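Let's take a friendly walk through this structure, one part at a time. Have the viewer ready and follow along.

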Amino acid sequence: MQVTLWGTRGSLATPGPETARYGGNTSCVGVVGREGTVLVLDAGTGIRRLAATIPESVRRVDVLLTHLHMDHIQGLGFFAPLYRPEVEVHIWGPGSATLRLQARLMRYLSAPLFPVNLSELPCKLTFHEISSREVDIGEFRVCSALVCHPGPTVGYRISAPEKGVLTYLPDHEPALAVLRFPSLPREWTSGGTLAAGADLLIHDSQYSAAEYTGHCGWGHSSLNQALDFGTLTEVKQLVPFHHDPDHTDTDLDRLMAQAIEETKPAYQVTPGIEGAIFEL
Amino acid sequence: MSSPKPIQIILARQLASSLAMPILIVDTEGTLIFYNEPAEVILDQRFDETGEMPADVWSGRFALADEARNPIAQEDRPMMMALSERKPYSRTVWMRCGHREWLHVNITALPLIGEGRQFLGAQMIFWEV
């Protein structure tokens, strides 16, 4: 599979010269299989540019939402395939205890927040509630599980038929309420089973270690925690992701180097930079 | 290695780890998958040493009797009621671990229900009266 980062920023789109290299678009990752299956992980502002790369011949696109915080759905209304009648768009994501996924998304894609209502979109639109389950989408096996983040939030583990496992945990706080992280085995750690042995783990790393102490319970990880999580789950490569809007390119370079020096991961760490492509 | 745990169970363990009340967490089969430090006193064992325990093993660690000191059958114990009926169950009982003193405690067992009404297990809280 080919994995492309189209949006790596967390919380708020952050364009500007000081974030030009890591990128300012919010969470969106494209996955294309060898047989042509197209998956879109989250619909942050990066999804607009992703849409422009989908060939005209593609007739089905699956959008996998981890949760419905604004930075993960803001680009959805600007996703070109939604306006093509010949395209099937399948949107997967968590419902809540009281509202189905479609109703939850309607809160954004309706007045007064958006001019086009979900029901007016010309594509063939299907919604799939997903929490903890396994499904086959095209050539991929997709496993999802609820993870630690405020509100219903899932992570995804995507396996290609012959080889290659991608785990996507963009908003994740596995260290919440754990006195010393990581201290428990991975089956007792949020997201641990999803990430176990993954070839590529894309993981929340919003804060520096110092910043995390002031943001416990906000649903995110420090860079050091992300690296420690990678060690716990024995991944082969980690992409720190969901960068804080206040972190400039210079800040991120410094924080990455510092975290790697402190945690000394035995696997490869590749900074989450918009436009980066990974072949698994 | 034990089986992967759903996030609700992981969070229940983390909450129990930071509370001073004795708490036991079981899975859908009644296997004791976690107990916190205050509960270690009741079971007279440490979770780090025992790990998970099947229902017949952990429930045999202590005797339960009703207010009149009549023994309470396994199937009538609060945790088993919460598991079988999937409803909260609370009862004041006498409890004894090994040859120690009888304790007068209230036991409340709560089923843990996840999204989509998925039954995940139960937790039991002890409260000395």
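This is a predicted model: local features need pLDDT of at least 70, side-chain atom pairs count only at pLDDT 80 or more; totals for chains, interfaces and linings use all residues.

**A walk through chains A and B**

Helix α7 of chain A covers residues 249-263, 15 residues in total. From first C-alpha to last, α7(A) reaches 21 Å, close to the 21 Å expected at 1.5 Å a residue.

The buried residues of α7(A) are Leu252(A), Leu255(A) and Ala259(A). Looking down the axis of α7(A), you will find these buried residues within an arc of 65°, so they line one face of the helix. Their cover includes α6 (223-233) of chain A.

Staying in chain A, let's visit Phe78(A), in the loop between α2 (70-73) and β5 (88-93). Is Phe78(A) buried, exposed or partly exposed? Phe78(A) counts as partly exposed because it has 15 C-beta neighbours inside 10 Å, while a buried residue would need 20 or more and an exposed one 12 or fewer. Leaving aside neighbours within four places in sequence, Phe78(A) is in contact with Ile47(A) and Arg48(A). Phe78(A) and Gly46(A) lie 32 residues apart in sequence, and their C-alpha atoms are 9.9 Å apart in space.

Next, cross over to chain B. The contact between the chains takes 15 residues from chain A and 14 residues from chain B. On the side of chain B that touches chain A, six residues are nonpolar, five are polar and three are charged.

Chain B has an open sheet of six strands with antiparallel pairing, in the order β2-β1-β6-β5-β4-β3. Which strands stand at the edges? They are β2 (32-35) and β3 (62-65) of chain B, each with a single partner strand, so one side of each is left without a neighbour in the sheet. From one strand to the next, the twist averages 35°.

Strand β3(B) is joined by four bridges to β4 (residues 89-97) of chain B, and the two run antiparallel. Phe62(B) has Cys97(B) in β4(B) as its bridge partner. Helix α5 (residues 78-85) of chain B packs on the sheet, touching β1, β4, β5 and β6 of chain B. The direction of α5(B) makes about 20° with that of β5(B). Helix α1 (residues 7-17) of chain B lies across β1, β2, β5 and β6 of chain B and runs at about 165° to β1(B).

Conventions
Residues are numbered from 1 along each chain as its sequence is written. Chains are lettered from A and ligands numbered from 1 in the order in which they are written. The expected span of a helix is 1.5 Å times one less than its number of residues. The arc is that of the directions from the helix axis to the C-beta atoms. Two residues are in contact if their C-beta atoms, placed from the backbone, lie within 7 Å. Ala, Val, Leu, Ile, Met, Phe, Trp, Tyr, Cys and Pro count as nonpolar, Asp, Glu, Lys and Arg as charged, and the others, Gly among them, as polar. Two strands pair if DSSP finds at least two bridges between them. Axes are lines fitted to C-alpha atoms, for helices over the stretch in contact, and angles run from 0 to 180 degrees between N-to-C directions.
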